[in-house]
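Please take me through this structure in the viewer, one selection at a time. Say what to select and what is found there.

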Amino acid sequence: MLTHIFMHMSSSSSLAGLAVSCYECDSVNDLNCGSEFRAEDIAKTDCDSVELPEEIRDIYMQKPDTACLIKYYRDLPDNPPFVRRSCTFGDFSVCDEQPDPVMPHLSFLGCQFCHTDLCNGAALISSSIVGLLLLFIT
């Protein structure tokens with residue numbers, strides 16, 4: 001059974017309303033975007049300039065708070081994880097576990113939210129550290 005990884009890297013309430021810039025990439029189309037992240041030639045996006053996804057447009061009267069996001073997916077344990085880095089909007093307490101459109105057959109592992117410019121450039125957290133964190137949480 002896969003354990004969902006969720007790390008909320010900073011308090012959303014303390015930074016509410018601030019626009020952030022995030023890295024925008026996926027590890028299939030850019031090898032520098034994977035678990036060994038290298039910022040060279042990775043697109044950067046001002047989240048305020050991104051149009052809201054259609055599925056949440058009707059929920060918000062005005063544009064919601066923004067954050068950076070890293071999502072992790074995997075198919076086989078020996079394969080490297082698929083990584084997506086992007087802007088996200090609204091509720092930062094729950095990861096959207098929908099399949100990624102680039103790799104829809106992969107299993108969702110988890111996500112990380114953060115709220116400072118280009119903070120989603122962090123490398124993948126090792127499974128041993130995640131295991132220790134989960135041990136202390138449960």
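**The cores**

Start by selecting A67, L69, Y73, F82, F92, C95, M103, L106, F108, C111 and F113: these eleven residues form the largest nonpolar core. A nonpolar core here is a set of buried Ala, Val, Leu, Ile, Met, Phe, Trp, Tyr and Cys residues joined through side-chain atoms within 4.5 Å; buried means under 20% relative accessible area, exposed over 50%, partly exposed in between (1.4 Å probe, protein chains only). Then select C47, C68, C87 and C114, which are included in a second, separate core of seven residues.

This is a predicted model, in which local features need pLDDT of at least 70 and side-chain atom pairs count only at pLDDT 80 or more, while totals for chains, interfaces and linings use all residues. Residues are numbered from 1 along each chain as its sequence is written, and side-chain values use heavy atoms, with hydrogens and water left out.

**Y73 and Q98**

Centre on Y73. Beyond its neighbours within four places in sequence, Y73 is in contact (heavy atoms within 4.5 Å) with P81, F82, Q98, P99, D100, L106, S107, F108 and L109. Move to Q98, in the loop between β5 and β6. With neighbours within four places again left aside, Q98 contacts K71 and Y73. Draw a distance from the C-alpha atom of Q98 to that of F108: the value is 7.7 Å, for residues ten apart along the chain.

**The largest pocket**

Now show the largest pocket, with a volume of about 640 Å³. On a 1 Å grid over the protein atoms alone, a pocket is an open set of points where a 1.4 Å probe fits, with protein on both sides within 12 Å along at least five of seven lines; lining residues have an atom within 4 Å of a point. Which of the 26 lining residues are closest to its centre? Select E55, L69, K71, T88 and D96. Elements giving two or more residues to the lining are α1 (54–57), β4 (66–74), β5 (82–89) and β6 (107–114). The largest share, five residues, is from β5. By type, the lining has 16 nonpolar, three polar and seven charged residues.

**The whole chain**

Zoom out to a cartoon: there are two helices and six strands, in the order β-β-β-α-β-β-β-α from the N terminus. Helices (H or I, at least four residues) and strands (E, at least two) are DSSP runs. Of the 138 residues in the chain, 37% are buried.

How values were computed: Points joined across faces, edges and corners; volume = space filled by probe spheres on them. Nonpolar A, V, L, I, M, F, W, Y, C, P; charged D, E, K, R; others polar.
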